[in-house]
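Colleague: I am new to reading protein models, and I would like to learn how to describe a pocket and a sheet. Could you take me through them step by step?

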Amino acid sequence: MTTAATAPGSRALPHPGCEEIRLEGVLHALSDPMRLQVVRELAATGDELSCSHFVLPVTKSTTTHHFRVLRESGVIRQVYRGTAKMNGLRRDDLDDLFPGLLDSVLTAAVRQADRLGGAAVG
């Protein structure tokens with residue numbers, strides 16, 4: 001059953017419940033360099049960030065697509081706060097469902113960036 005994140009007076013966005021989050025969906029979401037960069041930034045801050053915070057070398061519509069894939073896979077939660085769409089990593093849910101997965105992926109991403117000369121994306 002899909003749940004919606006709601007705040008008083010805000011628009012609701014559909015999110016998968018924990019029982020709907022699947023490993024293959026999470027891995028697919030994390031397999032794209034742009035989406036992985038978003039997850040890395042969210043993990044580094046440990047807080048919500050607005051969509052406008054992220055500067056990705058793609059069009060606005062492609063950026064929107066990447067956020068939708070992350071939300072629909074259960075990797076992030078998005079809520080409207082005023083006019084801003086805020087993004088937060090669903091770390092607790094992911095850690096409960098797939099212990100160690102997120103930390104392993106993030107560690108591997110850092111190692112890859114180091115190996116490639118600091119290239120965080122692409």
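Modeller: Keep in mind from the start that this is a predicted model.

Colleague: How many residues line the largest pocket, and which of them lie nearest its centre?

Modeller: There are 13 lining residues, and Cys51, Lys60, Thr63, Thr64 and Phe67 are the ones nearest the centre. The volume of this pocket is about 320 Å³, and its lining, sorted by class, consists of 5 nonpolar, 4 polar and 4 charged residues.

Colleague: Why does Cys51 count as partly exposed?

Modeller: The class follows from the relative accessible area, since partly exposed lies between the buried limit of 20% and the exposed limit of 50%. Cys51 has a value of 22%, and therefore it is partly exposed; Cys18, at 32%, falls into the partly exposed class as well.

Colleague: How many disulfides does the structure hold?

Modeller: The number of disulfides in the structure is 0.

Colleague: And what is the order of the strands in the open sheet?

Modeller: Reading across the sheet, its 3 strands come in the order β3-β5-β4, and their pairing is antiparallel. Because β3 (49-50) and β4 (76-81) each have a single partner strand, they stand at the edges, with one side of each left without a neighbour in the sheet. Between β3 and β5 (residues 84-89) there are 2 bridges, and Ser50 has Met86 in β5 as its bridge partner.

Notes:
Residues numbered from 1 in each chain as written. Predicted model: local features only at pLDDT ≥ 70, side-chain atom pairs only at ≥ 80, totals over all residues. Heavy atoms only, no water. 1 Å grid on protein atoms, 1.4 Å probe; cavity = no way out; pocket = protein on both sides within 12 Å on 5 of 7 lines; lining within 4 Å. Points joined across faces, edges and corners; volume = space filled by probe spheres on them. Nonpolar A, V, L, I, M, F, W, Y, C, P; charged D, E, K, R; others polar. Disulfide = S-S within 2.5 Å. Buried < 20%, exposed > 50% of the residue type's maximum accessible area, 1.4 Å probe, protein only. Pairing = 2+ DSSP bridges. Helix = DSSP H or I, 4+ residues; strand = E, 2+ residues; numbered from the N terminus.
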